[in-house]
Amino acid sequence: MMTNDMAALDPMTACSDRWSQHPYRPVGLFLLVMMLVATPWTAIAQETQAPIQDNQAEQVSPVMVSTAPVLLDGEILFDVRGVSAFPADVRAQKISERIEAFALDVSRSTQSLRLVEEGEFTMIYAGKQPLMAVVNADGRLEGGVERQLLAQVYLKRIAEAVKGHREQRKPTNLMFAIFYALAATGILALGWWGLRWTFNKLDAKIERRYKTRVKDFSVYKVLIFQADQMWAGLKGTLQIGRFLLMFLLLYAYFHFVFRLFPWTAYLGKQLFHIILDPLRVMGKGFIGAIPSLVFLVILVIVLRYVLKFSKLIFYNLAIGRATFSGFDREWAWPTYKIFRMLVVAFGVVIGYPYIPGSSSDAFKGVTIFLGVLLSLGSSSVIGNILAGYTLVYRRAFKVGDRVKINEQVGDVMERRILVTRLRTLKNEEVIIPNSEILNSQVVNYSSMAQEEGLILHMTAGIGYETPWRQVEAMLLEAADRTPGLLKEPPPFVLQQGLGDFCVTYELNVYCDRPNDMTKFYTLLSQNVLDVFNEYGVQIMTPAYMADTDQPKIVPRDQWFASPAQPPENNQEL
């Protein structure tokens, strides 16, 4: 009568008995192949039903308490509860260790398992060694089953698990397991080779027959997909199919082989969960995050249209179609970049709480780490960025201007947020950080050249014996001979000082092409030398201690002394 009651409480007991009596019964190769093919689908069906059964068990459970499973070879024998002084996981672990020790000791028969009533609890003994105690609270956990009846069920479950544990480790059964594993390995290798051969043949056949037939797909002369893209998509689909079949083959192999051996049986049973649980967790997380994702999508769309509208406004400012008082056209795009950065920062602040996982400690830790990293390693970068925007609003220079920064003279090639690139007079590219420019003196030769003209100047020391009016007239004549200089405003001469041996004169001329200032200086110097030689006036610079008997001038017939070559038309003579 007791046996019938226990069988009623555990309907899997009878099936377990019959299976344990005939472990690893030999089967034919055909059945082995069918097992390999059917295993993944059977496991999928069982595992997909498990959550429903678990949910039903949770619904009918009268008491929601903390429990832990008692395991043997990865198999759950039953669940036990605990108390604050003796938690469920600690109790379950100790019971599992005692049952495993009993199972490993083959000298002790399962017939030695017995029940002993000791007041308010029932003890399960293996000979003289206690395995566990069953209390009334354990019965309430199982829906109000009497303690004595529950202890009998536990005893029988332990006996079955110990018999199975010992049966699986018999040499005969292990030999059968090794044989089945080798046979499955052979089938795996054969199936793997067969899949590769089949798909290679299929790829070659499809490419030979259909590749030339794939044409560009267009609607009303609008190209939608190119032929190469469509063919790549078709081949990608075949590759995905090959991968899925090989994955199922590997899954069936490992699922079957792992369950053959007692040491890996638990892993084989949990293989489905190991593979599917990450996908299940990601799927649940994605479904739970749908409201937040919808909010983020709407936020991104709103911010995008705000940026598009603002870009249109700043574009009109940049081309001069729209104007604001005191707002320079050159400020349009830098201001738009600042506005865009502020809008994006505002969007990040608004959307941060809705980012999936933003409240997790890992996400917060990564955010803090990135913040510290940026604050420690980007001080110079931020300084250059601020300097770049400051230079824009200071209007120190623009692209194409001839400038002098520190000792570098050149034309501005490019002005970026971090650096400014110059092309020097020797055609060298110099990259200067904006923070250095902000703290340096900048000379812009081009800013006033178009409006008032850039003044080029050169000095010459002339002796006191030469009338100053003659000197000024010769300098102005040299300026008049130089092409490219402005006639208005007219050039002028300044006397800078009366030296010990000569009078220092400064010739000042206007030009509106600052990028050619080096060329103008050369031409102007040549013309000054020519004019002074024509009129027999010697230039006293640099100073000297004594004058020679002969004047230090270049005679006209020696202007083109070797290796200089006179012009062909001799107009300059």
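Select Leu271, Phe272 and His273 in this predicted model: these are the buried residues of helix α10. Now extend the selection to the whole of α10, residues 271–288. At 1.5 Å a residue, its 18 residues should span 26 Å, and the end C-alpha atoms are 26 Å apart, so expectation and model agree. Stop at aspartate 277, where α10 bends by about 35°. Proline 278 follows within four residues of that bend.

Next, select two helices together: α16 (residues 468–481) and α17 (residues 517–534). Two packed helices are described by the angle between their axes and the distance between the axes. Here the angle is about 135° and the axes are 8 Å apart, which makes α16 oblique to α17. Their crossing is right-handed. To see the contact, show the side chains; on α16 the residues include Val471, Met474, Leu475 and Ala478, and on α17 they include Leu524, Val528, Val531 and Phe532.

From α16, move to the loop between α16 and β14 (492–498), where proline 489 is placed. A cis peptide bond joins glutamate 488 to proline 489, with omega at about -5°.

Finish with two asparagines. Asparagine 406 sits in the loop between β8 (402–405) and β9 (408–415). Its phi is near 55°, a positive value in a residue other than glycine. Asparagine 427 is in the loop between β10 (419–424) and β11 (429–433), and its phi, near 60°, is also positive. Asparagine 406, at 34%, counts as partly exposed.

Conventions
Residues numbered from 1 in each chain as written. Predicted model: local features only at pLDDT ≥ 70, side-chain atom pairs only at ≥ 80, totals over all residues. Heavy atoms only, no water. Expected span 1.5 Å × (residues − 1). Bend = angle between axes of the 7 residues up to and from the residue. Buried < 20%, exposed > 50% of the residue type's maximum accessible area, 1.4 Å probe, protein only. Axes fitted to C-alpha atoms, helices over the stretch in contact; angles between N-to-C directions. Parallel < 35°, antiparallel > 145°, perpendicular 65-115°, else oblique. Left-handed = near helix turned anticlockwise from the far one by under 90°. Contact = heavy atoms within 4.5 Å.
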